[in-house]
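Please open the model in a viewer and keep the sequence panel at hand.

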Amino acid sequence: MKIFVPAEHHDGEKRVGLVPEAVAKLIKLDHSVEVQSGAGVSTNHSDASYVSAGATISTNVENSLATANVVVSVRPLKIENISRLKSGAVTLSFLSPAHNSDEIRALSEVKVTALSFDLVPRISRAQSMDALTSQALCSGYRTVLIAAEHMPTFFPMLMTAAGTIPPAKVLVLGAGVAGLQAMATARRLGAVVSAYDVRSSSADEVKSMGATFIDLGLDALEGAGGYAREMNEDRAKAQQDALKPFISESDVVITTAAVPGRKAPLLVTRDMVTGMKPGSVLVDLAAETGGNVEGSVAGENVVIAVNGGDVTLIGCKDVPSQLAVHASKLYAQNAVSLLTLMSSDGQIVPDDSDEVIAESAVVFNGEVRNAMAREHLGLTPLPERSE
Ligand SMILES: NC(=O)c1ccc[n+]([C@@H]2O[C@H](COP(=O)([O-])OP(=O)(O)OC[C@H]3O[C@@H](n4cnc5c(N)ncnc54)[C@H](O)[C@@H]3O)[C@@H](O)[C@H]2O)c1
C-alpha cells in the first residue's frame with residue numbers, strides 16, 4: 001500500500017515522520033513509500049537518501065495526499081491537506097483529543113482512520129509503538145543540557161588545586177519518562193539530584209535513577225492507565241508549601257509534570273521562584289501546555305530578579321526538535337512498529353478489535369471514537385463497547 005510522508009508544516013518542527021532506515025523496513029513489508037521533497041532536510045536526510053532506501057520523491061503534495069493509503073507525519077496534517085485525503089485512508093501522527101478538535105472534525109468528515117501516538121496504550125506489547133515515550137526521552141535529556149548551558153556554575157563536584165567546586169543541586173518535578181531521563185542525565189553530569197512526583201510508584205523509579213525521592217507526606221494522586229490525577233486547589237497549595245524549601249536550596253529546577261488532556265499543573269509559584277538563589281535556573285518542559293512554573297513562556301527565557309541577582313526561567317518549546325535526528329529515528333521506528341501491526345500481505349488494515357488500534361484511533365472510518373475528542377467536539381458519548 002502507498003505510504004506518504006509529508007514535510008512537517010509547524011513552525012519550529014524539525015522532525016520527520018519516517019527516516020530512510022524506516023522506509024526500507026516498510027518496503028520489505030511490500031508497501032511503497034513516497035516522501036515529499038525536502039521532508040528530511042532538517043534531520044540530515046536528503047531526497048537521495050530516501051531514494052536509496054527505496055522511496056520515491058513527491059513534488060506534488062496534493063496528488064500524494066489524494067492517492068495515499070497511509071500518511072505518516074509527526075504533527076497533525078494541516079486542515080487543507082486533511083480535506084485532500086481519500087476516504088478509507090489511515091493517518092498516523094500525534095493528535096491530541098483535547099487540543100486538535102478542528103483537525104479531528106476534518107478527519108472525521110473525510111472518513112479516514114486517524115491513529116494518534118498520544119493514545120497508544122502503555123502495555124508491554126505496544127512499547128515499540130510508544131512515541132510519547134521515545135519523544136519524552138529526548139525532551140528529558142535536553143532539559144538538563146539547556147539548564148547546564150544557562151548555569152554560571154559547574155554541574156559536577158571538582159577538586160582542583162585552586163579549590164573545591166561543590167556539585168550542582170538539581171530538583172526534578174514530575175518523574176514520568178522525561179523526568180526520569182532528566183534525572184539520569186543530570187546524574188551523568190555529576191549533579192546531586194532529587195525529585196518529586198504525585199504517583200506512589202515513582203519513589204522507586206526515582207531511586208533507580210540514583211536520585212533522592214522527596215517525600216512531602218501528601219496523598220498520592222493516581223489516575224487511570226498509570227497517569228496522574230489533577231490536583232484540586234487545596235492539594236496544589238499544600239504541595240507548593242511543602243516544596244518551597246526544596247526549591248530554594250536547588251541550583252536547577254526542572255519541571256516535567258503533566259496530566260493527560262489537562263492544562264499542566266502549577267507546581268512552582270512566583271513566590272517560590274523569588275526565594276531561589278541568584279544564578280539558579282528553572283527549565284519548564286510543560287511551558288507549551290500551560291506551564292508548571294508561574295510566568296513561564298514557551299520559547300522564552302524570562303529573567304526574574306531575586307535577592308542579590310536574578311534567576312532564569314526557561315520556557316521550553318519544540319524540545320524534541322532540538323534533537324531532531326535521533327527523535328525522528330525513534331519516532332519512525334514507533335511508526336514502523338504500528339504499521340507492522342496492521343500489515344498483512346502488503347495491505348494495511350486497522351483492526352479495531354485489537355486494543356492498541358482501538359485505543360489509538362481518535363477517528364475510526366470517519367467515526368470519532370475517542371471519548372475526550374467527542375466531548376471537545378460537543379458529540380454525545382458512544383455506548384460502551386463490549387469486550
Ligand atoms: N510501556 C509502559 O508500560 C510505559 C511507558 C511509558 C510510561 N509509562 C508510565 O506511564 C505513566 C505516565 O508517564 P509519562 O511520562 O507519560 O507522564 P506524563 O507526561 O503524563 O506526566 C509526567 C509526570 O508528571 C507527574 N505529575 C502529574 N501531576 C503532578 C504534580 N502535581 N506534581 C508532581 N508530578 C506530577 C506524573 O505523575 C508523571 O509522572 C507513568 O506511570 C509511566 O511510568 C509506562
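Begin by selecting N365, which sits in the loop between β18 (361-364) and β19. The model is a predicted one. The phi of N365 is near 45°, a positive value in a residue that is not glycine. Most residues other than glycine have a negative phi. Is N365 buried, exposed or partly exposed? N365 is partly exposed, because 15 other C-beta atoms lie within 10 Å, a count between the limits of 12 or fewer for exposed and 20 or more for buried.

Next, select D318, in the loop that links β15 (309-315) and α11 (324-342). Here too phi is positive in a residue other than glycine, near 50°. D318 is partly exposed, with 17 other C-beta atoms within 10 Å.

The order is β3-β2-β1-β4-β5-β6-β18-β19, an open sheet of eight strands with mixed pairing. At its edges are β3 (56-58) and β19 (367-368), each of which pairs on one side only.

Within this sheet, select β4 (residues 70-72) and β5 (residues 90-93), which pair in the parallel sense over three bridges. V70 has V90 in β5 as its bridge partner.

Finally, select the ligand and its surroundings. Which residues are closest to the ligand? They are G174, G176, G226, A228 and A257, from a shell of 29 residues. Helices to highlight are α6 (131-150) and α7 (177-188), the elements that give two or more residues to this shell. By class, the shell comprises 17 nonpolar, eight polar and four charged residues.

Technical notes. Residues numbered from 1 in each chain as written. Predicted model: local features only at pLDDT ≥ 70, side-chain atom pairs only at ≥ 80, totals over all residues. Pairing = 2+ DSSP bridges. Helix = DSSP H or I, 4+ residues; strand = E, 2+ residues; numbered from the N terminus. Near = placed C-beta within 6 Å. Nonpolar A, V, L, I, M, F, W, Y, C, P; charged D, E, K, R; others polar.
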